[in-house]
Every structure is written in structure tokens, then in C-alpha cells.
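Hi,

Here is the model I said I would pass on.

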Amino acid sequence: MIRINQITDKVSAYIENADLDLIQRAYVFSAQAHDGVVRRSGEPYISHPMNVAYLLADMQLDEATVAAGLLHDTVEDTDTTVDEIEELFGSDVADIVDGVTKISQMDLEDKAVQQAENIRKLILAMAEDIRVLMVKLADRLHNMRTLEFMKPVKQQLIARETQDIYAPLANRLGLHRVKTELEDLCLQYLKPDVFGQLTDAVSDHRAAGEPYIDKVLELINEMLKKNKIKGHVYGRTKHLHSIHVKMEQQGLTFDEIFDLIAFRIILNSLKDCYAVLGLIHAIWRPVPGRFKDYISMPKANMYQSLHSTVIGPDGERIEFQIRTSEMNQIAEYGVAAHWQYKEVGKGQQRGKTAGTRDAERYTWLKQIMDWQRELSDPREFMANLRMDMFQEEVFVFTPNGDIKELPEGATPVDFAYAIHSEVGDKCAGAKINGRIVPLHATLKNGDSVEIITDKNRMPSRDWLKFVKTAKARTRIKNYTRTVERDRAISLGKELLEKEGRRASINVQKAMKEGLLLKLVEEFNCGSVDDLLSQVGFSRFTPRKVIKKLYAVIHGEPLDVRKPKKEAETDAKKKQPKADGLHISGVDNVLLRFASCCTPLPGEPIVGYITRGRGVTVHRIDCHNVNNFEDERLLEVNWEGVEDKPYPAKIRVKCLNKKGMLGKICTMLADLEVNIDSGSFESRVDGTSILEFTVEVTDLNQLHHALSQIKALKAVKEALRVS
């Protein structure tokens, strides 16, 4: 377990005359507050805040932040108050603890809304003092390191949230070490079969590649010495998550990835960086399109480096990252490398304004703050946040020569909204480098973009198919939603009037008399117009609303008895196909599983309202979900799952040996996994690809089956596929 002297020694190493008494007092207070409490691992609870504080010290944060790390759970989990923290440790520590506490004090019935509101609060807290996020990231990192003691379903939920929100936030703040460890830990729990296979493959590759790394290091060091350039060179294998992403995006196997090894060259000056790049390109041939200059155009998190992939010794692809010592410090520690205590003058209070100063350096944070104010639905806020957080950047120019930073794949419409919302709304055409292009054209680094506007032009829903920025999506959706809502209100009114005539109810008269107002609260709507729009959007059936209205008017339920045959038909329609599922706030809806992702019990899922086909259930990470209209998404939970088979698709890559197919089929049968269908393909490299649709009872049975298949000597890969 981490000891307090390890934390104070680390802080003393980077802060001269550090206020260690503050940290010591925070430790004693936290230990007393959590006395007698143990974690799921069996360790005393104080071990968690101790680890969080150590991580913060490792990021070289100020004493107030380290002390807040020790105290971050006291207000939430004990009788301690924020006022008590402020009285004992000062307002700086109290504000950070209060910010971290508020993020996790939501208590909403809708779990999706709860998560979204928590993240919204996190973003707002960041704007006040970015150290709140630093403590939260350290808290999440240690929780991820000890996630093995949680139940599998909880592991999945926490890992999914970490992958969606906290890893991208760490990346945005330039905390490379935190980001890569979080991503690898997420992969371990979200895709344990992939994680296990990649761990073994990378370990084997590393062992085989050590002599090659040593060879390249020797060549680079000789080159530096010969040219009288001082610097350090390191060789490393890329982390597991980045390898997995590349395999998925490009459809590659592990053996087909050639640039697994990356070399980092740390130099003393900017001039040396470009000089060494030239020397490397003189020795080895650069790979076209694989050079990026992040020094002249830094990333949003202030990351600076030269990246180049070359064909190195023995024809191997290798990547070089070339930067100065200061750039490397920023790359590793991000926002912490700019902390206020390194800049304050004598007598000033260390770290007091750090949060504000660093928040101002991040324009992306201001952009998030701007468009989040326009969103009332927290789930839409989450979807937009994910979109903005995961994208790489491209840099393009206005006609005046100003640089605009946009996500990779951005279009002229994104550029127009980045200039001004009004320019985006009136965008009618665009020129890239002087040539007229379609609005869906993809912008590239260095493009000069000019927007053509038309005062009569309005945003189009079709733009949502290609825009990449949250600001553009939010503005377009707000406009189209207003138009579509008006149509839905009109349609809802028409449908109610038609259904009302069957029940001898004059709906227009009922509206004038205010009778529909009595249904607003019952249907959880804000107004009569909301109720009508929900009918128009097919959220509520006209029959259901008219039945309630009839009861209001006549004081008794509407008799809706039907002929036997018609009633039986309706009963069949209402019977959900997907057993063991519950939809929040909706009953008797036709359910079916999506064939694109085949969700299994225990996985995070989401429902999508399809026109005329009820609700389709998708895995929450299904690639199709990103293209769905947010207003038609529903929260879906597994509830009382039946012990019955569910379909799942798997792919096995193995050596093309006699009897392998039979051996795999027999193993699946022994594991009580039924094969519903399959296809087989032999390759010229002596391997075979076997794809099966199997039937399993839950996610654990599938992972167990894949791990057993992977244990066969001739099997190279065994994966679940969508």
C-alpha cells in the first residue's frame, strides 16, 4: 500500500519549500474519516485516496490538489461537510473536493440521464477549475486498476463510461500516460478475448523484436553523435488499444500491422528536431502521407512533435516521434506541465488561479460550454461530447489567413459553423483552394476555405449525414426539430380527431375546454403541444390517449371490446419478441434484436424506435447507433433474463490443418454452444477463416467459448464480430 511519505517525497522533488503539512493533515483527517471501512478488495478504504493522491503527485500537481485527492471521498461517503473541509484546509482544497463531490451526487431514475448529467457537471466544474477533473481522472484510474473486484456487469458499465468520457478527456488534457492506461484497462474488461490475444501477441513480438530495437537505437545514436547533436532515443511497442483500433478500422490481423514499433527522440532545441528529421529521411525512405508536423500546428491539448513513418532496416515500417524536452514534458503531463506554481513570482500564492489560466488555454472547452447551453437533453449532450472528444484534428485557413481547427473528416458546413452560427445557417456553397466543391467534401490540412452564403438558405436535415462537429449538429438539429415538431403536432391532432370520432369524442371541443391539460401530467408531458407531438412521433398511440380522455369526460373507461379474432391479432402484435427486456416508461411495445450487433444478456444496450416495426434493441457500442436520430432512442435494460439461447457471431482464424473444423465444432458442442450457421474460407497463406453464428445464453458463456477455442495450438485468433 502507498505510504504518506512516498507522496510527500514525490511532491518535494518538484516543488521547492512545498507545504507538506497541508498534505499530512489531509492524510490524518481522511484516515480517521474512513476508519473501519474496507474496499471490495479487502484493503482498508484509505488505500484508495492514498493511491489517488500519489497519482496526482506523479502528475506533478500542486499541494492543494494532492490534499484534495486524499479528501475527495470524505464529503460523499462520511459525515464531513464542505464547510468543515474549508475551515481545516482552506477554500482552495474545499472548492476542488466540492467540485468532485457534486459530479457524483445525482440521483435520477433514468441511468442514461444520470450519467449524462454527471458528465455535464464535470464539464462545468472543469470550466471553474480544471484541477477538479485532474482529481476525478486519478480517482477513475485507480478504480479501473482495481475493477477486477467488481461484478462483471458493473465492470462493463464502468469501463464503457471510462472509454467514452474519461480516456478522451485525459487525451484532451494531454495526459498521455493516463489516457493510454485507461484505454488498455477498458479493452481488458470490454473485450477480454481481444485483450488476451493482443497481450500474448505483443509479448511474443516484443521478445522477437528486442534485437531489432537495439539495432535501430544504435544507428540513431551513431547518427546523433556523428552530427554532434545531443539527445536521447527510446524504442517502444504501441499500446494494446491503439493496435486494436487500427486492426478494426483497417480490417487487419495482428500479423498485418507493420508499424508496431515507435521510436521517440528527445532533443534540446527546435532546430535540432527538424535537423534530425532531415537526417532520418536521408537514411530511410519516408512512407507517403505518414508525416505530421504538430510543432508548427500543435494539437488542441498543446501537444507538439514531429511524426514520421519510414521504411527502416530490413524493410520494416517504423514510426519516429521527434520533440524537445519541454514538448515531451507537455506530451506526458499535459495541463500539469503548465501549472501556475512554475510561473508565480515570489510571495504569490501557488496554484490559486491555475484552473482558470489552464482552462483559457483550451479553446475546445469553451466550445463545449457554448453548445451545451443549447441542449436540453443530456443524452444528446453526451452524444455530441463523444463526437468532439474522439476526433483527430485538421487545420484549415479562412480567406484572411486565420487558422481554424476542426475534427478529422470535417466539411465546409462544419467550417461555416466554426466561423459563426449565422454563416452556417445560411451556407449555400463552398470553395476549397479556389474551386467550388460539394458541401459534403472532406477538408484536409492546409486547405483554404471560402463559404458562399444565401440569406434565403436554411439548415437541411441532410447535412446531419456528413457534419462532424457538435456545434454544427446541434444548430442543424435545433432548426429541423422545430420544423418537425410543428409537423408532428399537426399530425398528432389529426390522428386524435380521427380516433376521437370512433369514440364519439369531439377532440377540438375537448381542447378548447382544457380537458387535454388533465392528460399532460399523466403522460409525463410538459404541455398539450408536447402531448400532440408525442402522438405525431408515434411515441403514444391515439387509442391510448383517447381512452384516457374518454375516462376524463365520462368518468368511466372506454369500452374497447373487439371481435375475438381482432383481439387475438392485437395481442400478438403487443407481445414483445425480445424476452427479458424492460423499456423505461413504455409498455406493450414490439421488441426485436438487431441483427447487425446481436446483443447478449449483460451487455449495455439501447432501443431505437423503428417506423412500423416497434423497438429494435442494439448494443450501445453498435456502429449504427451513431447514425440514429437521438429523439428516437430509448433506454432499455435487461430484466429477469430467461435461460434461453441468443445469437452471436464469431470469427476464428486458424492454420489450415486437417480436422480443425471438426475439432472446433466438437469443442463448441461440449461447451453446450449450438452452431446455427457458418461459412469457411481458405487463404493462400495457409490459414482458414471460420465464421459461425452460434447460440449462447449470455456474454460470459461466449467469452468462455472463445477463450477455449483460442487455447488450441493451431488457432491464431478467436473473436466476436458484428
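This is a predicted model: local features need pLDDT of at least 70, side-chain atom pairs count only at pLDDT 80 or more; totals for chains, interfaces and linings use all residues.

Below is what turned up, starting with the sheet and ending with the cysteines.

Residues are numbered from 1 along each chain as its sequence is written, and side-chain values use heavy atoms, with hydrogens and water left out.

The sheet is open and mixed, with five strands ordered β1-β2-β5-β4-β3. At its edges sit β1 (231-237) and β3 (285-293), each pairing on one side only. Neighbouring strands are turned by 20° against each other on average, ignoring direction. (Strands are DSSP E runs of at least two residues, helices H or I runs of at least four, numbered from the N terminus; two strands pair if DSSP finds at least two bridges between them. Axes are lines fitted to C-alpha atoms, for helices over the stretch in contact, and angles run from 0 to 180 degrees between N-to-C directions.)

Strands β4 (306-311) and β5 (317-324) run antiparallel, joined by six bridges, and isoleucine 311 stands opposite arginine 317 in β5. Helix α14 (270-283) packs on the sheet, touching β2 (261-267), β3, β4 and β5, at about 165° to β5; contact means heavy atoms within 4.5 Å. Helix α15 (325-333) also packs there, touching β2 and β5, at about 110° to β5.

As for disulfides (cysteine sulfur pairs within 2.5 Å), the whole structure has zero. The cysteine sulfur closest to that of cysteine 596 belongs to cysteine 622, but at 3.6 Å it is too far for a bond.

Cheers
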